[in-house]
Amino acid sequence: MYPYKLAIIDDNQAVLDVLKLTLEGEFESIVTLSHPSLFPSILNEGKIDAVLLDMNFHSPELDGAEGICWLKYIKKHPNAPAVVMMTAFGNIDLAVTALQEGAEDFITKPWDNEELIKKT
């Protein structure tokens, strides 16, 4: 187990539940959030070491723009946590953009559990 605190942000409750079950033995603690707008107060507390962030929430466009926007917000924070981006609608261009904006890695849904654990 890593002595780190992880935040998982995804608008699909089933995804949140499965990710938490998959990763709970790997981290000291895990908090799940259904929307990134709930994250700033947790971020300001400085108690999160890593974030697994979905890229699409309420926008009808599935282009990852929401996730990139939140990634930029998180990375502007002093002592920003590591961020791994996650999407079911990924492509190479989106992954490159996420990495250029500061993401540590990129995962597509559905994910491979072993790969997920290695990347988070």
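**Helices, salt bridges and one histidine**

Let me start in helix α3: tryptophan 70 and tyrosine 73 sit 3 residues apart there, so about one helical turn separates them. Before I go on, please keep in mind that this is a predicted model.

Why begin with that pair? The structure holds 1 aromatic pair. The ring centres of tryptophan 70 and tyrosine 73 are 5.4 Å apart and the planes meet at 75°, so this is an edge-to-face arrangement. As for tyrosine 73, its relative accessibility is 36%, so we call it partly exposed.

Let's stay with α3 for a moment. The helix has 12 residues, and from first C-alpha to last it reaches 17 Å, close to the 16 Å expected at 1.5 Å a residue. Which of its residues are buried? They are Gly67, Ile68, Leu71 and Ile74. Those residues cover an arc of only 125° around the axis, so they are on the same side of α3. And what do they pack against? The buried residues of α3 meet α2 (40-45), β3, β4 and α4.

That brings us to α4, which runs over residues 92-100. Here Leu94, Ala95 and Ala98 are buried. If you look down the axis of α4, the buried residues fall within an arc of 100°, so they line one face of the helix. Turn to the other side of α4 and you find Ile92, Asp93 and Gln100, which are exposed. The packing partners of the buried residues are α3 (65-76), β4 (82-87) and β5 (105-108). One backbone detail to point out on your screens: just after α4, glycine 102 takes a positive phi of about 115°.

Now over to α1, residues 13-23. Its buried residues are Val15, Leu16, Leu19, Thr22 and Leu23.

Side chains of opposite charge can pair when their charged atoms come close. How many salt bridges does the structure hold? The count is 6, and I'll walk you through a few of them.

Take lysine 109 with aspartate 10: the closest N and O atoms are 2.7 Å apart. This pair links distant parts of the chain, with lysine 109 in the loop between β5 and α5 (113-119) and aspartate 10 in the loop between β1 (2-9) and α1, 99 residues apart. Are these two buried or exposed? Lysine 109 has a relative accessible area of 17%, so it is buried, and aspartate 10 is buried as well, at 0%.

Lysine 109 also forms a salt bridge with aspartate 54, at 3.3 Å from N to O. That again ties together distant parts of the chain: lysine 109 from the loop between β5 and α5, and aspartate 54 from strand β3 (residues 50-54), 55 residues apart. Aspartate 54 has a relative accessible area of 3%, so it too is buried.

A further bridge joins the side chains of aspartate 105 and lysine 119, at 3.5 Å from N to O. Aspartate 105 is in strand β5 and lysine 119 in helix α5, 14 residues apart. Aspartate 105 is partly exposed, with a relative accessible area of 23%, and lysine 119 is partly exposed at 25%. Coming back to the shared partners, which residues end up in one network? Salt bridges join Asp10, Asp54 and Lys109 into one.

Last stop: histidine 35, in the loop between β2 (27-33) and α2. Its relative accessible area is 19%, and buried means under 20%, so histidine 35 counts as buried. A polar atom of its side chain lies 3.0 Å from the backbone nitrogen of serine 37. Which residues does histidine 35 touch, leaving aside its neighbours within four places in sequence? Ile9, Phe57 and His58 are the ones in contact with it.

Notes: Residues are numbered from 1 along each chain as its sequence is written. This is a predicted model: local features need pLDDT of at least 70, side-chain atom pairs count only at pLDDT 80 or more; totals for chains, interfaces and linings use all residues. Side-chain values use heavy atoms; hydrogens and water are left out. Buried means under 20% relative accessible area, exposed over 50%, partly exposed in between (1.4 Å probe, protein chains only). Helices (H or I, at least four residues) and strands (E, at least two) are DSSP runs, numbered from the N terminus. The arc is that of the directions from the helix axis to the C-beta atoms. Contact means heavy atoms within 4.5 Å. A salt bridge is a side-chain nitrogen of Lys or Arg within 4 Å of a carboxyl oxygen of Asp or Glu. Rings of Phe, Tyr and Trp (its six-membered ring) pair if their centres lie within 6.5 Å; planes under 30 degrees apart count as stacked, over 60 as edge-to-face and the rest as tilted. The expected span of a helix is 1.5 Å times one less than its number of residues. A polar contact is a pair of N or O atoms within 3.5 Å; within protein, one must be able to donate a hydrogen and the other to accept it, and residues adjacent in sequence count only if both atoms are side-chain atoms.
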